[in-house]
Amino acid sequence: MLLLGGCGQQATATLEDIAADNPDIVTAIQENLTTPEAMTSEVSFSGDSFDITYKFKDPIDDADEKVLVESFSKNSDTLKEGFEKALTDLETQTGITGITGTIHIFNASGEETWTHEFPEK
C-alpha cells in the first residue's frame, strides 16, 4: 500500500517544464537580453533554475579577456538588481519560489571565463 500512496498526485511543474510548454517565456527572456555584438547568447533551463550563456564569437587575447572578466566582476552589483527583478517576475508569473539563475561567459574556444549566480548567496 505504501508504494501506491503517491499515485494520482500530479507532480509540481518546474520552471524547465513550464518553459518547455511555453516558448513565449524563452522568447521574452531572450528579447530582454542585452547581447554585445561580439557575442552570442543562449538561455537554458534545468529544474527551477535557468542559465544565460554568453560566448565570444572570436578569440581575444589574454589581457583583453582579463579586463573583461574584471569588468563583469565589478559590474555584478549593477547586474544584480535587474537579474533579481527578473527572478521575482518569473516567480510571480509561474507560482514557483526559489528560482535561481546563473550568467556564464565563455571565450571563443569554449572555456568558461566568468560565472555568477543569482540570487547571490
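Me: Which residues does histidine 116 touch, not counting residues up to four places away in sequence?

Reply: A contact here means that heavy atoms lie within 4.5 Å, and on that reading histidine 116 touches Ser76, Gly101, Thr102 and Ile103, with residues up to four places away in sequence not counted. Before going on, note that residues are numbered from 1 along each chain as its sequence is written, and that side-chain values use heavy atoms, with hydrogens and water left out. The model is predicted, so local features need pLDDT of at least 70, side-chain atom pairs count only at pLDDT 80 or more, and totals for chains, interfaces and linings use all residues.

Me: Where is histidine 116 found, and is it buried or exposed?

Reply: Helices (H or I, at least four residues) and strands (E, at least two) are DSSP runs, numbered from the N terminus, and histidine 116 is found in strand E4. Buried means under 20% relative accessible area, exposed means over 50%, and partly exposed lies in between, with a 1.4 Å probe and protein chains only. Histidine 116 counts as buried because its relative accessible area is 19%.

Me: What does glutamate 112 touch, and why does it count as partly exposed?

Reply: Glutamate 112 also has its place in strand E4, and it counts as partly exposed because its relative accessibility is 40%. Leaving out residues up to four places away in sequence, glutamate 112 touches His104, Ile105 and Phe106, while its C-alpha atom is separated by 14 Å from that of methionine 39, which is 73 residues away along the chain.

Me: Which residues are in contact with threonine 100, leaving aside its neighbours within four places in sequence?

Reply: Threonine 100 sits in strand E3 and is in contact with Asp48, Ser49, Phe50, Leu87, Glu117, Phe118 and Pro119, its neighbours within four places in sequence being left aside. Because its relative accessibility is 18%, threonine 100 counts as buried.

Me: What is the peptide bond from phenylalanine 118 to proline 119?

Reply: As a general idea, most peptide bonds are trans. The bond from phenylalanine 118 to proline 119 is cis, with omega near -5°, and proline 119 itself belongs to the segment after E4.

Me: How many residues does the largest nonpolar core have?

Reply: A nonpolar core is a set of buried Ala, Val, Leu, Ile, Met, Phe, Trp, Tyr and Cys residues joined through side-chain atoms within 4.5 Å. The largest such core here has 24 residues, and those with the most contacts inside it are Phe45 and Phe50. At least two of its residues come from each of helix H1 (15–21), helix H2 (23–32), strand E1 (39–46), strand E2 (49–56), helix H4 (76–94), strand E3 (100–106) and strand E4 (112–118). The largest share, four residues, is supplied by E2. Phenylalanine 45, with residues up to four places away in sequence not counted, touches Leu15, Glu16, Ala19, Ile25, Val26, Ile29 and Phe50.

Me: What are the secondary structure and the radius of gyration of the protein chain?

Reply: The chain has four helices and four strands, whose order from the N terminus is α-α-β-β-α-α-β-β. The radius of gyration is taken over C-alpha atoms, and the globule rule is 2.2 Å times the number of residues to the power 0.38. For 121 residues a compact globule would come near 14 Å, whereas the protein chain has 18 Å. Along the principal axes, the C-alpha atoms fill a box of roughly 65 × 30 × 30 Å, and buried residues make up 28% of the 121 residues. Of the contacts with a separation of 6 or more, 52% are between residues 24 or more positions apart.
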